[in-house]
Amino acid sequence: VTVTLLILLTSACHTIKELPQDPKAPVKDPEYALAQKLLIHCLNNDAEKFIKVLPPKKQQEFTVKQFHDTTKNIADTFGRPESFQFLTKQSLPIYNRYVWKICFRKTNRQSEEFTSEILFRVTTVMQDGKPVISGFQFF
């Protein structure tokens with residue numbers, strides 16, 4: 001599984017709010033909780049906690065420097081995250097996908113403020129009865 005990563009950068013004093021879940025969204029489960037934890041560590045710009053949520057092989061492949069480089073890129077492009085909302089769970093025979101919408105706010109060079117929305121998807125699998133993250137992507 002190829003992992004594409006674009007991560008968020010936030011300031012220490014900025015609060016990102018979680019919007020209410022869509023009433024049609026599935027009930028939370030252990031895989032959802034793990035996927036949400038990855039997202040929250042990303043939004044809080046906490047590279048060490050983000051990497052610890054990943055399985056051991058991915059922890060070796062993804063460095064703190066890579067995390068910070070990509071958070072800078074996403075912040076430069078979209079601004080700072082304002083809110084996130086869980087949208088859906090896609091259940092498949094071998095794995096599940098969890099999708100959130102993230103709203104960003106940015107001020108351009110002309111001091112005009114605008115918002116952007118992108119989606120964040122986390123793919124999980126169950127291994128030995130425990131949820132494991134197999135991939136994640138902003139799109």
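Q: Over how many bridges do strands E4 and E5 pair in the antiparallel sense?
A: This is a predicted model, in which local features need pLDDT of at least 70, side-chain atom pairs count only at pLDDT 80 or more, and totals for chains, interfaces and linings use all residues. Residues are numbered from 1 along each chain as its sequence is written, and side-chain values use heavy atoms, with hydrogens and water left out. Strands (E, at least two residues) are DSSP runs numbered from the N terminus, and two of them pair if DSSP finds at least two bridges between them. E5 covers residues 130–138, and its antiparallel pairing with E4 has 8 bridges.

Q: Which residue in the hairpin of E4 and E5 takes a positive phi?
A: This hairpin has 2 residues between the strands. The phi in question is near 55°, and it belongs to Asp 128.

Q: Which residue of E5 stands opposite Phe 120?
A: E4 and E5 run antiparallel to each other in their pairing. Opposite Phe 120, the residue in E5 is Phe 138.

Q: What is the bridge partner of Arg 105 in E4?
A: E3 and E4 (residues 113–127) pair in the antiparallel sense over 12 bridges. Lys 101 has Leu 119 as its bridge partner in E4. For Arg 105, the partner in E4 is Thr 115.

Q: Through how many residues does a hairpin join E2 to E3?
A: E2 (residues 80–91) and E3 (residues 96–107) run antiparallel and are joined by 10 bridges. Phe 86 stands opposite Trp 100 in E3. The hairpin from E2 to E3 passes through 4 residues.
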